[in-house]
Amino acid sequence: MVKNLETKKQIRTRVLKERRALTAEARDRYSQKIRSLTVMHPLFQSAREIYCYASFREEVQTAGIMEEAWNSGKRVAVPRVTDEGKMEFFYIESLTELSSGYQGIPEPRWDAEKIALPESISETGIHPGPARGESHVLVLLPGAAFDKKGGRIGYGKGFYDRYLYKYPKCHKIGLAYSIQCVEEIPEEPLDISVEAVITEKGNYMI
């Protein structure tokens with residue numbers, strides 16, 4: 001019997017509606033739990049650099065995660081949509097370096113230092129650093145929905161898929177509330193999957 005899968009658009013619409021229905025108190029409480037689980041994850045612990053989205057509206061809050069990264073001596077980078085309609089990451093050293101950007105999303109100011117990712121990590125995804133040994137780059141992704149195999153539905157623009165397709169050696173963790181986790185997401189050739197999906201209930205993936 002053939003499964004009657006929802007389309008990506010249907011899943012996105014349904015799950016984002018459920019996410020919007022969460023109370024602010026619930027989102028704060030869940031985000032605190034997700035922060036604690038994220039910073040204890042082995043991929044976070046061993047990462048030298050954290051590429052993290054700046055949370056917007058109902059997304060899992062990331063300010064605390066970035067603060068934990070700085071306190072651990074890690075470099076933090078946040079994405080920005082450029083004039084060419086591409087997404088690039090830029091280093092920041094404080095949340096005060098963010099301002100309203102693409103569609104109102106917090107982004108690094110235009111005087112931020114651009115990351116040359118291909119020069120920052122080796123072909124194995126390892127970032128060499130004599131002071132801290134060898135460690136990797138970890139990307140923390142937002143999303144509308146995730147499934148048990150690490151499949152991800154974004155917000156429809158494909159920024160992360162295009163960016164990470166160029167740099168497949170980066171480690172990737174999705175951050176989401178448990179209501180954003182679904183059984184199965186239809187796959188497409190250029191879709192980028194994650195290695196873990198951290199929710200307030202733990203890692204959703206198999």
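User: What does contact mean here, and what share of the contacts in the protein with a separation of 6 or more comes from residues 24 or more positions apart?

Analyst: Contact means heavy atoms within 4.5 Å, and in this protein residues 24 or more positions apart account for 67% of the contacts with a separation of 6 or more. The model is a predicted one, in which local features need pLDDT of at least 70 and side-chain atom pairs count only at pLDDT 80 or more, while totals for chains, interfaces and linings use all residues. Residues are numbered from 1 along each chain as its sequence is written, and side-chain values use heavy atoms, with hydrogens and water left out.

User: Why do the buried residues of helix H4 line one face of the helix?

Analyst: An α-helix has 3.6 residues a turn, so residues three or four places apart point the same way. Helices (H or I, at least four residues) and strands (E, at least two) are DSSP runs, numbered from the N terminus, and buried means under 20% relative accessible area, with exposed over 50% and partly exposed in between, for a 1.4 Å probe and protein chains only. In H4, residues 63–71, the buried residues are Ile 65, Met 66, Ala 69 and Trp 70. Seen down the axis of H4, these fall within an arc of 140° (taken from the directions from the helix axis to the C-beta atoms), so they line one face.

User: How many residues of strand E11 are buried, and which strand is joined to E11 by bridges?

Analyst: Four of the five residues of E11, residues 171–175, are buried, so this strand is largely enclosed by the rest of the structure. Two strands pair if DSSP finds at least two bridges between them, and three bridges join E11 to the parallel strand E12, residues 196–199, where Val 197 stands opposite Gly 174.
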